[in-house]
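This briefing is meant for a reader who is meeting the structure for the first time.

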Amino acid sequence: MAGLAATLGSGAMTNSLGDIEEAEVIFLVGSNTTENHPVLGMKLRRLARYEGKKFIVADPRKIELAELATLYLPIRPGTDIALINGMMHVILREGWHDQEFIQEQTEGFEEFRKVVEKYTPEYVESITGVPASDIEQAAKLYGTAQRASIIYCMGITQHTKGTDNVKSLANLALLCGNIGKPGTGINPLRGQNNVQGACDMGGLPATFPGYQAVTNEELRKKFERAWGVSLPSNVGLTVVEMGDAAVDGRLKALYVMGENPVLSDPNLHHLEEALSKLELLVVQDIFFNDTCKYAHVVLPSACFAEKDGTFTNTERRVQRVRKALDPPGDAKDDWWIISEVARRMGYEMNYGSAEEIFEELRTVTPQYAGITYQRLEKQGIQWPCPTEDHPGTPILHVGKIARGKGLFTPIEYRPAAEQPDEEYSFVMMTGRSYYHYHTGTMTRKCVVCNYFVPEPYLEMNPEDAGELGIEDGNIVKVLSRRGEIELKVKLTPRVKRGEVFSTFHFSEARVNLLTGASFDPICKIPEFKVTAVRVVKP
Amino acid sequence: MVVTINGRQFEVEQGQTILDVARANDIYIPTLCYLEKVSPIGSCGLCVVEVEGQSEPVQACSTYVEDGMVIITDSPSLFETRRKVLERILERHPLDCPVCDKAGECRLQDLVYEFGLEGRIADHRVGIPRLQEPPVTYSTPGIKYYPSRCVLCQRCVHVCMEHVGRGVLVVNEEGDKARIEPLYADNCISCGECLAVCPVGALTENVSPLKARPWQKKVVRTVCPYCGVGCVLELNVARNKVVKVTVDDTIPPNHGTLCVKGRFGFEFINSEERLKKPLLRKNGEFQEVSWEEALDFVADKLSSIKSEAGSDAIAGLASAKCTNEDNYVFQKFMRAVIGTNNVDHCARL
Amino acid sequence: MNKRELFQYVRSASPVTLEGARECPDCVEVRVDAKDLLSFMRFLKTNDVLAFDLISDVTAVDHYTSRKPRFDVVYHIFSLKNSQRIRVKVAVDEGESVVSVTSVWRGAEWLEREVYDMFGIWFDDHPDMRRILMPEDYKYFPLRKDFPLEGIED
Amino acid sequence: MTVPLEKVGEEMILNMGPQHPATHGVLRLVLQLEGEVVKRIVPMIGYLHRGIEKLCEERTYIQNLVLTDRLDYTAAMSNNLSYALAVERLCGIEVPERAQVIRVIMAELSRIAAHLLWIGTYALDIGAITPFFYCFREREKVLDMFEMISGQRITPSYICIGGVRKDITPEFLEALKSFTDTFETYILDYEALLTKNPIWLSRTRDVAVLSREEAINWGTTGPVLRASGVQFDFRKATPYCGYENYEFEIPYGTNGDCYDRYRVRMEELRQSNRIIKQAMANLPDGPILADVPYVVMPDKSDVLTDIEALIKHFKIASGAFQIPKGEVYSSIENPKGELGFYIVSDGSSRPYRMRIKSSCFVNLSTLPVMVEGRHMVADVVAAVGSIDIVLGEVDR
C-alpha cells in the first residue's frame, strides 16, 4: 500500500470490481483469487472461460485460474521484480509503451529506463525460472492491449521487498498508460473485510484517519482541535517492532482488539516471549483465542452481526453493517468498551450510537466527508466522496494522477532474505485456503468449512515426496531455523519441485513458528512467502 | 427496431428477448426457470406468449425480438397452456409443504396460488398422496437435496456451469426418471449458488438446526465478515439466531453471489463458545468478573503504566474485522487518551 | 326510503356543510367537522323523514402516522323507520376532544367511555367520563397503533 | 369494607360480584342501598376483557374467525355468521344457496340454544330450579347436533368465510327433524312451569320496566327492545342469508318489564323452530363453499391428498391473500340483539381495525334506568338476568 502511495499518491485499489470486465488483458500476479476472493474469482473464471478475456497468471503454484489463463508463468517465489522488469524491457524494446502518456503524466522515466535495460528475457529466465519466450509473450499481451488491468494480492506484498514489488507493478502500469480508465489500473485485493477501513481510520502508526501524516504539524493541530487534547508527533511502532520492544522491556502494555497475533504474526517464538514479558495484555475479541492464553484481561465484544457500523471493502466501497441480533451474555460493542475505559481514564467519550461516531469521523476524514448513513441505506459509496452530493469515485486517477505525476522508480532485483540451502532445501510459502479464514476462530466453528478442511496440511510435489519416501496423508515434521511443526502431507502437482505450501489457520500446527523475522524495510510486511524449511519423515 | 406488445409500441434493440422488453416496461409475464444472471434456460415453458404469424406460442425468455413483431402476453389459451405446464409439474410434486423449509417463499406455491388452480384438473392423477422421500446426499453438507421436490427447471445446473464455472450438476436420465444429480461432486466449492436459485424446496439449507417461516423471521442486510470483496448479504434471524443467509441480486459489489464462508459460515455467531463475560486473571486463573471490575482494572493499570513508563510504553492492535467506527474510536483512544502513535493492525498479514 | 334517496336527502337537507359524503356498499357515509357535530346529530334524530333514533355504535380508528388528524371517531346510527344505517365520521387529532352525543342518544354513554378508554379521545359534557374496561389508574390506551400487542408491564 | 356503627340504618355500599352466582359472569355491581331500596347502581365491567379487537389487528382474517367464537359463547355459530358476512361483503363474495340455508339453520339452532340457557339460568336466579333441567335437556340435543356436524359443542367455527366448513349429513338431518318435531311440546312444558306461576309473576311482572322511548333512546336491541314494544328485528329489517323468504313473526311485549322479556324469548323459540322447519323443507343441493380460490379455504380431505389444495391451504392460512381496501359495517340479529362487525381493511391480509359492536354491552347500560330508586336488591338479580348478558361479548 505504501508502494502505491509513493508512486501514485493513493494506496488503495485504483479501479473497482465492477469495471474489471472491461479489460482486454488481466495480469494476475500473487493472487489465488478463486480461493481468497471467491466471488471475484468466479467473475474472473467467467471472464476467462466465456468472455474470452486474456489472462496472464504469475504464481509459484498452478492455481485454478492458471489452467484457464492464456499464459501461465510458473515463477519462483520472491522473484517478481525480475519478471516485471523483464516484461518492461521487452515492451520498451518493441516500443509498445505509451510515449505520450509518459511524457505528460509521469517523471523519473529516464533513470528507470537505464535499470530495465539489463533485464533481458534470458537473464530473467535464469532468476525466475520462467522461459524467455513466455516473458516475451506476456510483455506482448500486456503491452499491446488497449486496456489491461493488474490484479495482485499478498503474493506480491508479503516479501522483504514487498513495496518494491508494488512499485515495479506501478512502473509497468505507468509504462503502458494503464491508469484512470475503466478496465485498467493497479488493483491490490485487500485480504480482510475491513482492512481498507482500518487503514482509512488511521489504524497505522504513521497516519491519522484519512492517511494524514502524524508528523505533519498542521494536520496534527487539526486533530488536536477536534479531540481537544495534545497529540504525539513521533511515528509509532508497527506490529513487528512491538514484539521487539516488548522483548527488551520498552513496551509494557498491549491492547489487542479483534486480533490473534499468536497465530497470524510471524516468528512466533519471539512473539510469545514478548507477550509473556508484558505487564498488561488486554484482548478484546468474540472468542477465547490463542492470544487470550497470555492475556491478563479478556473482554467479550459483539461480532459483525450484533453491531451497527460500516465496513470498507477492497474497492474503497463504504457499506453499512446492520445489527441483526443481540450479543450473547454481556458482550458489548467494541467502541462502547473502549469509550468506557477512556471515561475511566478521564477522557469523556460518550457516543450514543455508531452513527454518531461516523458523523464525527467524517468531519476529520476528507475521503469520507460526503458519506452519511442515510446515503448508505440502499448501497455503498466508494470514497473519496468529498461532498454529500458527490456520487463517489469508482475509478481513481481519472485524467490526472493523484500525486500530480506518476513516479517511475528504478528497482533492482534482490533475492529474498532467506534462500534455501542444502540443510533447509525447501521454500515454504504460507497463505490462506478457500474454506478457512485467517486464524480460524470463526470458520472452524462452521460445519461446512470443517467438513472439507478439518485439519492443517502441507501441499507438496509428488516427485519431492517420492524421493523422501513420503506418501499422501503421512504426518511429516517441518523444520526451519526458528521452529518445527507436524503437518499432514497433501500431494498435489499444483506445487513445483522444491516448494511447499501451508496455511496458518490452524492453532494445533502454527505455521508461523517457522516464518522468519525479516520484513520489508518501508512498510514492515513480514516475509511470509519465502521461508527455507526441511521436510522430514518421522 | 419497434415491437408491439398487447397493442403498445416499444423501441427495442437487437439481441433483447421478449421477456427483457416486457420486464423493462413492467408488463407481467409469469416465469419459473428464468434466471437473469445466466443465459436463457427455457426448460419450464411457463413464459409462453403468442406472436402473430407463429402457429405455436413461443417462450418469451428465449425468443429474440425482431422488427415489427406483434406479441400478446395474456389470453385465455395462453392461460390454459400455462396451467397445463403447472399441472405437469404438480403431478409428481410430493405433499411436503408443511415440512418443506421453502414453503411460504416457494415460487411454485406462488404460481399455483396466482393461477388459482383447483384439485379437479388432472383427472387421470392417481389419488395416492406422495409422501416425503428422505433427502439424498449432495455434493456439500451445507445443502439437503430432496429429488422428489425438484421441478427440473435446471436453474441450478446453469448457474453452476455458467455463473460459478464449476459444472457440478447435470440432468441425469430421461423422461419420468430425469432428475438433477451432482455428478462431478468433487468440483463443488459449496458456494450455495444452486441453493440460492432453486425456486422450490428441492435444495434446502442444512446448516442451521432452527428453521423459520418468512413471517417469523427478520431479514437484515449487512456485509460479509470474511474476505475483502465485501459481499452484501442478508441475515435471516429468528429468535435471536441466524437461520439462513440470503442475498439481493441488485446490490453491488457481488450482485447476488456468495461463497462458502459467506453463505454457510454464520454458525460462529450463535456458537456456545462465544465470550459472554469479561475475564480477569487472578493468581493465574481466569475468573468471570463484572464489566465494572474489568474496566476499572484496565483503566487503572493503563494509567499507572502511562505515568511510570510514559505513553509510548503502551501499544494497541486495531482490527481489520471490526467496523470503521470501532477502529476510529480505538485509534482516538490510543492517541488522545494514552497519547501514543503505537497503533497498528494486521494489514500486513 | 332506499339508500340512494337517503343519500340525496341527507346532502340536501343537512343544516351543516358536510366535509364529505359517499355511498359505501353497506351504508351512507358522511364526514362532519367536529364543531358542528352536535347540531348535525340532532338533525339526524329529530328530522322525521330520516328518524335516526337508534345509536348502533360509537368507535374510533387510529390512522397513526398515515394521516395528520390522527383519529376518526365513527358513529353508526340506525333508523328503525327506514331500516337504514348511516355512518358519521369526525376527524380528531391527538389531545383534542369531541362533544358527547349522549344528549341526543343516551345509549352512547358507555360506547363513548369505551372509545376514551381505548383511544384516549375525551368527550366533553359526558355524564360519567371515565375508563370502562381497563382499571381506573391504567396509564395507556391499548387500541392505539403504537401500543405493543403484548402490552406494557410496569 | 366494615361499616362504622353510627352509619347503620342510613346508606350502605354493597359490592355484588364480580364473583356472584346471579351476575352471569364476571360483572361487578356497586349498589348504594338505603335499607333494601337501591339508591344508585354502578355496573363495573372489564374483568373478562381479553383485547379481542387488538388481537384481531395482528392476525389474518382466517385466524380471526376462531376469535369470534369466544364473544357470545352461548351462540358461537351466529357470531361466526356475523363475521363471515362482514368479510364476504368486503370482498364481494357470493355464498352458494345451500350454504346460506345451512347458515340459517345453524343461526336459529344457536338462538334456541342461547335462549334455552337463558330460561334455565334466569329461572334459577328467580328461584325455580326445575326449568333448568328441562331446558338443558333440549340444549344438550342441540349441542350434540353441533358436535355431530363440526366436532365442537361450544366453539365450532363451522361457518367460515365463503360458506360452511362441512356439508350436513343425513344423520344430522334426521336428528334435526326429530328435534324440531318434538320441540314444540317441550316449549309447552316450560310455559306450563313458569308462565302462569304466581311466584314467577310477582317476581317478574312490573320489575325493571324500560319504556319504549327509553329503550330506543338507550340504543337497546334484541329481546330487550322488543319487550318494550318495538316490533323490530334485523332479520326482517335488513335481511341476510335469505331470511326474507321465510315466514316468521316478530314477538314483542307491551310494558317492557322482565315478564315481557321472558314472553318474547319464549315466543322466539317457537319462531326459530318454525324457521328451521321451513329451511329443512327446501334445502337446495350444490356446493357449500363459494368458488373464490384466493380466500376460501379448500376442504380438509382434499388438502391431505391433493397438492393444489395443500398449496392453496398453505398460502391462505399464511395470509398470502389480499382483502380489497375499504370498510364495511354489517350486523345480524344475535340471540342477545345486534352483533355488528365494523372492519376497516388496508388491502393486506390483516384487518387494519376490527370493531365488534355488542348488544349486551349497550343493553347492560340501561340497568340503572330500570332499577334505580324503584327496586330492592332481590329485583336487581331479576333485572340483570332479564337483560341476558354474556360477559364475553360485553368485555371483548
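Two strands are taken to pair if DSSP finds at least two bridges between them. The model described here is predicted, and in it three strands of chain B form an open sheet in the order S10-S11-S12, with antiparallel pairing.

**The three-stranded sheet of chain B**

- The edge strands of this sheet are S10 and S12 of chain B, each of which pairs on one side only, and neighbouring strands are turned by 35° against each other on average, when direction is ignored.
- Strand S10 (residues 218–223) of chain B pairs with S11(B) in the antiparallel sense over six bridges, and within these two strands Arg221(B) stands opposite Glu234(B) of S11(B).
- On the pairing of S11(B) with strand S12 (residues 241–246) of chain B, the sense is again antiparallel, over five bridges, and here Leu235(B) has Val245(B) of S12(B) as its bridge partner, while Ala238(B) stands opposite Lys241(B) of S12(B).
- S11(B) and S12(B) form a hairpin with two residues between the strands, and in this hairpin Arg239(B) takes a positive phi near 50°.
- Strand S11 (residues 232–238) of chain B has seven residues, and because five of them are buried, the strand is largely enclosed by the rest of the structure.

**A sheet built from chains A and B**

- Seven strands form an open sheet in the order S14(B)-S13(B)-S11(A)-S10(A)-S9(A)-S15(B)-S16(B), and the pairing in this sheet is mixed.
- At the edges stand strand S14 (285–288) and strand S16 (343–344) of chain B, and since each has a single partner strand, one side of each is left without a neighbour in the sheet.
- Strand S9 (residues 253–257) of chain A pairs with strand S15 (residues 314–317) of chain B in the parallel sense, over four bridges.
- Along this pairing, Ala253(A) stands opposite Ile314(B) of S15(B), and Val256(A) stands opposite Leu317(B) of S15(B).

**The contact between chains A and B**

- Chain A contributes 118 residues to the contact, and chain B contributes 101 residues.
- On the side of chain A that touches chain B, the largest share, eight residues, comes from helix H17 (residues 334–344) of chain A.
- By residue type, that side of chain A divides into 70 nonpolar, 27 polar and 21 charged residues.

**The contact between chains C and D**

- In this contact, 26 residues come from chain C and 30 residues from chain D.
- Strand S3 (54–62), strand S5 (84–92) and helix H3 (108–119) of chain C each supply at least two residues of the side of chain C that touches chain D, and the largest share of that side, six residues, comes from S3(C).
- The residues on that side of chain C divide into 14 nonpolar, five polar and seven charged.

Terms used:
Residues are numbered from 1 along each chain as its sequence is written. Chains are lettered from A and ligands numbered from 1 in the order in which they are written. This is a predicted model: local features need pLDDT of at least 70, side-chain atom pairs count only at pLDDT 80 or more; totals for chains, interfaces and linings use all residues. Two residues are in contact if their C-beta atoms, placed from the backbone, lie within 7 Å. Ala, Val, Leu, Ile, Met, Phe, Trp, Tyr, Cys and Pro count as nonpolar, Asp, Glu, Lys and Arg as charged, and the others, Gly among them, as polar. A residue is buried if 20 or more other C-beta atoms lie within 10 Å of its own, exposed if 12 or fewer, and partly exposed in between; C-beta atoms are placed from the backbone. Axes are lines fitted to C-alpha atoms, for helices over the stretch in contact, and angles run from 0 to 180 degrees between N-to-C directions.
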